[in-house]
Number of protein chains: 2
Amino acid sequence: MQPLPGFRDFLPDDCAFRNAIFARWREVCRSYGFVEWEGPVLEPTKLYKKKSGPEIVAQLFNFTDKGDREVALRPELTPTLARVVAAHEREFRKPLKWFCIPQCFRYEKQQRGRLREHFQLNCDLIGDASAAADVEIVALAIDLLRAFGFTATDFVVRLSDREFWTDLLRRENVPEARWSELLQVIDKSEREPREKTAERLGPLAEPVFKVLDGGGRSEKLETLLRGLELRGLAGFVQIDLSIVRGLAYYTGVVFELFDRAGELRAIAGGGRYDNLVSQLSDAAVSLPAVGFAMGDVVLGELIKEKPEISSRLAEAVNRQSALDVYLVVAKEERRQEAMRHLQQLRDAGWRVDYPLEAARVGKQFQTAEAMGARITLLYGDEWPAVKMKKLATREEVLVPNDELLARAGAALSS
Amino acid sequence: MQPLPGFRDFLPDDCAFRNAIFARWREVCRSYGFVEWEGPVLEPTKLYKKKSGPEIVAQLFNFTDKGDREVALRPELTPTLARVVAAHEREFRKPLKWFCIPQCFRYEKQQRGRLREHFQLNCDLIGDASAAADVEIVALAIDLLRAFGFTATDFVVRLSDREFWTDLLRRENVPEARWSELLQVIDKSEREPREKTAERLGPLAEPVFKVLDGGGRSEKLETLLRGLELRGLAGFVQIDLSIVRGLAYYTGVVFELFDRAGELRAIAGGGRYDNLVSQLSDAAVSLPAVGFAMGDVVLGELIKEKPEISSRLAEAVNRQSALDVYLVVAKEERRQEAMRHLQQLRDAGWRVDYPLEAARVGKQFQTAEAMGARITLLYGDEWPAVKMKKLATREEVLVPNDELLARAGAALSS
């Protein structure tokens with residue numbers, strides 16, 4: 001029996017790697033004053049049909065539940081966020097700075113960096129329409145990668161503005177009903193032959209290509225860039241108007257983070273969605289918002305490609321599971337005393353393991369080493385003393401049984 | 001728009017409460033030498049149809065995916081664990097001590113302590129059939145609650161043995177095909193009128209009631225109790241043969257944790273399932289196993305009922321979101337310098353926030369207080385010095401701008 005295609009089993013090492021990523025994400029988000037929240041994995045399908053756009057709806061894991069409700073596994077978090085904020089915004093000071101690490105689901109073809117589920121850090125700043133909020137959000141996206149040790153030679157933020165394009169479409173007298181389709185064509189232009197894009201754009205091809213070839217200027221984006229410059233982060237960013245983003249609800253600044261080598265899918269992406277909360281609100285709550293999502297799969301690949309970054313993370317991974325103490329039961333007659341100490345050491349917060357059944361002393365020491373124990377305590381002929389050994393230095397010392405807790409604690413704290 | 005019935009939105013305070021429970025669970029599991037793993041939320045439906053028993057299958061969130069596969073949101077973790085262990089057991093030293101905090105789903109009537117989703121700590125010890133493994137697992141369940149501050153006056157482990165009952169059924173010459181149905185009747189006997197149970201048991205009523213009224217003795221359970229006694233945990237346990245557990249795959253010792261007041265549903269439950277791994281293995285891997293699950297909903301209610309335990313947890317909750325530093329921009333001309341320090345302080349790992357836009361100084365201090373900041377740094381007329389204030393003591397000091405990082409760090413570390 002296998003997991004379903006596109007779904008992962010996280011064996012302990014994989015889980016520790018994932019947890020180390022989550023822990024770093026949480027640290028950086030909190031350093032920005034963001035607080036964690038969480039929404040349901042399952043939502044009414046209409047939440048996505050209304051808001052996410054046709055690409056996402058085609059890839060939903062959706063079904064009818066036993067109460068005849070149309071429901072879907074969340075493909076993304078933003079519609080849930082807008083729903084929750086619309087319902088509860090009065091309870092919070094503005095702006096809201098919220099993050100979440102949901103698992104999201106899309107039924108799509110598996111390929112490198114894309115499974116049918118992934119975990120996705122979402123960071124959103126809600127209730128502020130200023131460029132300062134955009135700067136804060138882009139800076140956070142950058143610092144999330146810097147925290148792993150990535151530099152400006154590893155990745156770049158490509159920064160764009162969807163409003164720049166809607167302004168152009170308006171100037172060219174394109175009816176609003178066609179905007180969404182044309183934005184999709186521009187979004188895909190980088191990955192398609194120019195003739196094909198030209199055909200789809202028709203008379204718009206000339207003004208659009210002029211911009212894509214570097215002829216567009218956006219004061220809004222230059223302001224944003226200056227804000228990042230003040231924080232010393234301008235080197236991580238380039239203005240690139242070819243970025244439009246696939247989701248239907250973006251209204252202004254949009255951006256994507258890519259590896260500089262250009263080998264992977266986007267590491268993260270986001271933008272401004274000033275109308276989504278009001279669209280999901282009964283009470284016509286209007287709250288401008290800006291946010292982004294960063295998945296664990298592409299980031300995980302990028303980490304694994306860089307040995308120095310993997311090995312830094314490996315320390316955090318090892319800290320999760322390494323043992324403090326292993327109890328070596330050399331004489332079964334002493335097992336009772338070992339069990340008493342076991343409970344006391346664990347109660348004191350130490351990580352302690354021991355052999356469930358009688359085993360050779362040599363094998364017990366092997367297990368202690370394999371589990372990363374820092375000290376062993378041996379229960380044998382020395383009783384009422386216990387032989388304490390530091391595995392790193394091989395130092396051994398006899399400890400009287402009534403001093404054991406204090407002496408082991410001291411050895412582990414030093 | 002609301003979440004689906006039985007599903008929760010976790011606003012930041014709810015999420016912090018949940019995270020504080022998870023953090024304590026992880027700590028205690030690691031103190032027992034358990035390592036974390038994780039399986040998929042979605043699994044082939046047949047995994048549960050085969051293994052979990054009819055009650056669970058009737059409550060599945062199941063559907064046909066876009067590739068025509070019968071799939072289900074996991075109602076429990078154990079079948080996934082058995083699948084993963086059967087496939088990977090050669091990679092690990094025995095016994096495996098694994099824990100996981102999956103979200104699980106059941107379509108059932110909502111009631112106190114029961115939603116349609118919950119998070120559920122699962123702890124399993126695999127590859128050891130001894131009573132020592134049972135002791136270790138029951139002790140872990142107890143210590144998980146002790147870690148929150150609960151005592152033997154708050155909860156009790158009711159300990160039973162399914163084998164005791166199958167032995168009795170065998171002695172009474174009951175055909176094996178009827179065992180599962182009769183075990184269900186015994187499991188439910190506590191919650192139903194005795195006449196109804198008697199009717200269902202038929203000629204078995206007399207021997208069964210004799211046991212339920214205290215006439216049964218189990219040497220296996222008495223050994224288990226002695227093992228817990230050595231650890232000082234016997235006061236948390238009572239032998240109670242009326243516990244049988246609803247799941248189909250249990251084979252030996254079973255147990256449930258209840259609040260002593262008897263007001264809530266079971267806080268946790270588990271037992272031995274020695275045949276499940278081999279049933280899910282192609283290569284006929286046979287691994288005895290014992291484990292349990294503890295949900296977040298009932299435990300959350302129990303915590304909220306005890307003010308001294310809630311308030312201990314509240315400290316952990318506050319630590320998650322409290323800010324270190326709030327930057328007060330008293331003069332907008334100084335915002336640039338504030339932004340430079342912002343980045344430096346965050347890079348140093350501190351949690352720092354600031355006003356995105358111009359605001360009155362008094363309002364900025366209010367925000368700093370509300371966000372739990374420990375110090376404020378004020379950028380105003382004093383520049384090139386910054387006014388640093390400890391909010392707890394109201395002490396203020398002027399700090400030259402080039403010493404700021406070191407001085408703020410010292411103030412925060414003291």
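## Stop 1: where the chains meet

Colour the two chains separately and go to the place where they touch: 68 residues of chain A are in contact with 68 residues of chain B. Keep in mind that this is a predicted model.

Now pick out the parts of chain A behind that contact. The elements giving two or more residues to the side that touches chain B include helix H1 (12-31), helix H4 (78-88), helix H5 (131-146) and helix H14 (335-347) of chain A. Strands are on the list too, among them strand S1 (35-36), strand S2 (42-44) and strand S14 (352-353) of chain A. If you want to begin with one element, take H1(A), which supplies the largest share of this side, 6 residues.

What does the division look like? There are 35 nonpolar, 13 polar and 20 charged residues.

## Stop 2: the axis

Next, show both chains as plain traces. Rotate chain A by 180°, with 0.0 Å of shift along the axis, and it superposes on chain B with an RMSD of 0.0 Å. This is the relation of a two-fold axis.

To find the axis from chain A, select A:Phe63: its C-alpha is the nearest one in that chain, 3.1 Å from the axis. Both copies use the same surface, with 100% of the contact residues of chain A recurring in chain B.

## Stop 3: two domains in chain A

The domain assignment gives domain 1 (12-316) and domain 2 (323-413). How many Å separate the centres of domain 1 and domain 2 of chain A? Taken over C-alpha atoms, the separation is 51 Å.

## Stop 4: the three-stranded sheet, chain A

Three of them form an open, antiparallel sheet in the order S2-S4-S3. Which strands stand at the edges? They are S2 and strand S3 (62-64) of chain A; each has a single partner strand, so one side of each is left without a neighbour in the sheet. Looking from strand to strand, neighbours are turned by 35° against each other on average, ignoring direction.

Select S3(A) together with strand S4 (residues 70-73) of chain A, and you have an antiparallel pair with 3 bridges.

## Stop 5: the three-stranded sheet, chain B

Bring chain B back and find its sheet. Here too 3 strands make an open sheet in the order S2-S4-S3, with antiparallel pairing. In chain B, S2 and strand S3 (61-64) are at the edges with a single partner strand each, so each has one side without a neighbour in the sheet. The twist from one strand to the next averages 30°.

S3(B) is joined to strand S4 (residues 70-73) of chain B by 4 bridges, and the two run antiparallel.

## Stop 6: a covered helix in chain B

Stay in chain B and select helix H4 (residues 78-88). Most of this helix is covered, with 9 of its 11 residues buried. Among the buried ones are B:Leu81, B:Arg83, B:Val84 and B:Val85.

What covers them? Show strand S2 (42-44), helix H2 (46-51), strand S5 (96-100) and strand S7 (117-126) of chain B, which are among the covering elements. Helix H11 (276-279) and strand S12 (289-295) of chain B belong to that cover as well.

## Stop 7: an enclosed strand in chain B

Go on to strand S11 (residues 268-272) of chain B. All 5 of its 5 residues are buried, so the strand is largely enclosed by the rest of the structure.

Show its partners next. Strand S10 (residues 253-259) of chain B pairs with S11(B) in the antiparallel sense over 4 bridges, and B:Leu257 stands opposite B:Ala268. S12(B) also pairs with S11(B) in the antiparallel sense, over 5 bridges. There, B:Gly269 has B:Ala293 as its bridge partner.

## Last stop: A:Ala289

Finish back in chain A with A:Ala289, which sits in strand S12 (residues 289-295). Buried or exposed? A:Ala289 counts as buried because it has 28 C-beta neighbours inside 10 Å.

Now show its contacts from beyond four places away in sequence, including A:Asp124, A:Leu125, A:Ile126 and A:Tyr273. A:Asp124 is 165 residues from A:Ala289 in sequence, yet their C-alpha atoms are 7.0 Å apart in space.

Definitions and conventions:
Residues are numbered from 1 along each chain as its sequence is written. Chains are lettered from A and ligands numbered from 1 in the order in which they are written. This is a predicted model: local features need pLDDT of at least 70, side-chain atom pairs count only at pLDDT 80 or more; totals for chains, interfaces and linings use all residues. Two residues are in contact if their C-beta atoms, placed from the backbone, lie within 7 Å. Ala, Val, Leu, Ile, Met, Phe, Trp, Tyr, Cys and Pro count as nonpolar, Asp, Glu, Lys and Arg as charged, and the others, Gly among them, as polar. Copies are superposed by least squares on the C-alpha atoms of residues with pLDDT of at least 70 in both. Domain bounds come from an automatic or database domain assignment. A residue is buried if 20 or more other C-beta atoms lie within 10 Å of its own, exposed if 12 or fewer, and partly exposed in between; C-beta atoms are placed from the backbone. Two strands pair if DSSP finds at least two bridges between them. Axes are lines fitted to C-alpha atoms, for helices over the stretch in contact, and angles run from 0 to 180 degrees between N-to-C directions.
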